[in-house]
Amino acid sequence: MAGLPKAYRQRRDAAPSQVSFRSIAMFGWFSHALTQVCPQALGSGCHRRWLRVSPGAMARQLPLLGTVLYLPSCTALSSANTMLPGWLVERIELVPLLRTCWIAAVSEIGAEGPREWLECFDAQGVLQARLYLLPDTDYLAWDALLAAAEPLSEAPLVRKLRPTRCAMAWLVCFRHRQLGGLRLLNAIDVQQLSPLGQDIANQVARVAGVYAV
């Protein structure tokens with residue numbers, strides 16, 4: 001087992017009961033090319049967890065994730081004038097994240113291999129965006145984001161599951177900083193990505209009907 005990444009060995013030793021699924025998901029993912037990724041067509045192996053999170057807490061956690069694939073919805077961007085008080089964005093595409101009040105953490109192991117993503121919803125239950133875990137993502141930070149949210153026993157609003165068209169697929173690393181009395185959320189384009197991460201991002205984007213940028 002000496003060849004495993006240090007972060008994985010630490011996670012395995014610290015929480016062996018939780019490592020089993022993620023080790024299958026991450027390393028199985030690394031050994032399989034995904035042929036299709038469709039959040040609306042969830043297979044029998046899909047597991048969905050509903051959580052409540054404050055928009056500010058969500059925004060503060062995002063920079064820790066490293067590289068993720070971000071897909072804001074067309075609906076969210078069409079009403080991007082409503083934002084979280086006390087926060088600003090450098091790009092209008094980031095506004096949906098500052099309206100996130102609920103998240104669904106979705107994981108699935110299907111014929112194509114494992115995959116994992118977050119679905120972000122506003123207070124009215126409207127899908128705002130999706131965030132996809134990639135081989136390049138810091139998945140310990142991903143778990144920390146979920147651990148900081150409040151688990152729910154059921155979906156708060158049924159309409160959350162309605163199909164929603166994505167506006168774009170953006171490979172990003174998030175940033176935030178203080179600007180006077182405000183917090184500023186930004187995201188930078190990813191300059192380097194693993195070949196497998198790029199392949200997965202391209203396939204997710206293709207199924208969503210957009211280009212990965």
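1. Let's start with Glu 119: it is buried, at 4% relative accessibility. Keep in mind that this is a predicted model. The partner to look at is Arg 48, whose side chain meets that of Glu 119 in a salt bridge with an N to O distance of 2.7 Å. Arg 48 sits in strand β1 (residues 46-52) and Glu 119 in strand β5 (residues 113-121), so this pair ties together parts 71 residues apart in sequence. Arg 48 itself is partly exposed, with a relative accessible area of 22%.

2. The structure holds six salt bridges.

3. Another one to check is Arg 177 with Glu 90, where the closest N and O atoms are 3.3 Å apart. Arg 177 belongs to strand β8 (residues 170-179) and Glu 90 to the loop between β3 (87-89) and β4 (102-110), so the pair ties together parts 87 residues apart in sequence. Arg 177 is partly exposed at 44%, and Glu 90 is partly exposed at 42%.

4. Then there is Glu 93 with Arg 91, a salt bridge whose closest N and O atoms are 3.4 Å apart. Glu 93 is buried at 16% relative accessible area, while Arg 91 is partly exposed at 30%.

5. Finally, have a look at Thr 137, in the loop between β6 (127-132) and α5 (139-147). Thr 137 is buried, at 5% relative accessibility. A polar atom of its side chain lies 2.9 Å from the backbone nitrogen of Leu 134. Beyond its neighbours within four places in sequence, Thr 137 contacts Leu 65, Thr 67, Val 68, Tyr 132 and Trp 142.

Notes: Residues numbered from 1 in each chain as written. Predicted model: local features only at pLDDT ≥ 70, side-chain atom pairs only at ≥ 80, totals over all residues. Heavy atoms only, no water. Helix = DSSP H or I, 4+ residues; strand = E, 2+ residues; numbered from the N terminus. Buried < 20%, exposed > 50% of the residue type's maximum accessible area, 1.4 Å probe, protein only. Polar contact = N/O pair within 3.5 Å; in protein donor to acceptor, adjacent residues only side chain to side chain. Contact = heavy atoms within 4.5 Å. Salt bridge = Lys/Arg side-chain N within 4 Å of Asp/Glu carboxyl O.
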